[in-house]
Amino acid sequence: MRIWTIANQKGGVGKTTTTLALGSRLARRGFRVLLLDLDPHASMSQALGVPAEPPPAGVLELFDDTPRRIDELMRPSGVEGMHLVAGQAGLATLERRAGHRPGLGRALGQALEAVVGDHDYALLDCPPTLGLLMVNALAAADRLVIPTQTEPLAQYGLQGMLRTAAMVARSRGRPLPASILPTLFDRRTRVAVETLQAMQERFGAQVWSDAVPVDTRLRDLQHLLGPDVPESQARGVAAYNRALDWLLARDHLETWQ
Ligand SMILES: Nc1ncnc2c1ncn2[C@@H]1O[C@H](COP(=O)(O)OP(=O)(O)O)[C@@H](O)[C@H]1O
Ligand SMILES: [Mg+2]
């Protein structure tokens, strides 16, 4: 199982959309996929039909004193081959309640270790805050995927994420490759085109050479999760398919280096 953590300390950059798009494309290519919703807003879970009330069992129970097993907490997502461990509002107060119990920063990684043979990919959708959940997700990750809006200010958040990833890699003694996915790209605006160019010059091979365009059809779940359709009818989904090709190629390269 490969673990991809989808994170950015900024909200509204396309993290949840990216997780759903990559997860469903992987599943439609025949991979077994497990999605974890680490965001207290639980928008990914709601998108996949898990109601917020009554609070569903999910990620929170992985942090119990006696953690539940991840395979007892996962549920079907509606896409064949893709399962979900739901997020809950209670995740917002996890840090305060859990205090400084030793080993808490590794809870997620340990939970995932128990199911390594059952899934090909685990995709972790992070909240936009650098707290216990994101630290857990980074510590467990084989790859960090950073969706980034193509606007000038976004680059500051990006540097912060890359610094955090480097810190995690150092403390666990294993590299954490980071891949930057430009999202919400509006090619008609000069500032977006220039920002994309500047990002590519600055971060080189860490940045995907393409971008996910603004495509309102990505807000339609049936379209986002559904089978591939011709690119002319699905610019956003087609872009995510290309992004997935790139990420899979990076994985291959970095694994065999
Ligand atoms: N490429 C895109 N084109 C159009 N709308 C998008 C695109 N990516 C995301 N969105 C929309 O933007 C909003 C924020 O995206 P979301 O994935 O929830 O971001 P995050 O998880 O980073 O907060 C959502 O309403 C989503 O449907
Ligand atoms: Mg989100």
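**View 1. The largest pocket of the predicted model and its volume.** About 420 Å³ of space lies in this pocket, a pocket being, on a 1 Å grid over the protein atoms alone, an open set of points where a 1.4 Å probe fits, with protein on both sides within 12 Å along at least five of seven lines. The volume is the space filled by probe spheres set on the grid points. The model is predicted, so local features need pLDDT of at least 70 and side-chain atom pairs pLDDT 80 or more, whereas totals for linings use all residues. Residues are numbered from 1 along each chain, ligands are numbered from 1 in the order in which they are written, and side-chain values use heavy atoms without hydrogens or water.

**View 2. The lining of the largest pocket.** The lining comprises 26 residues, with Val13, Gly14, Lys15, Thr17 and Leu184 nearest the centre of the pocket; lining residues have an atom within 4 Å of a point. Two or more residues each come from α1 (15-28), α2 (43-47) and α9 (221-225), and α1 gives the most, with 4 residues.

**View 3. Ligand 1 and its surroundings.** Ligand 1 takes up the space of the largest pocket, more than half of its atoms lying within 2 Å of the grid points. Around ligand 1 are 14 residues, the closest being Gly12, Lys15, Thr16, Thr17 and Asp215, where a residue counts if one of its heavy atoms lies within 4 Å.

**View 4. Polar contacts of ligand 1 (N or O atoms within 3.5 Å).** Oxygen atoms of ligand 1 lie 2.8 Å from a polar backbone atom of Gly12, 2.9 Å from a side-chain N or O atom of Lys15 and 2.6 Å from a polar side-chain atom of Thr17.

Note on methods: Polar contact = N/O pair within 3.5 Å; in protein donor to acceptor, adjacent residues only side chain to side chain.
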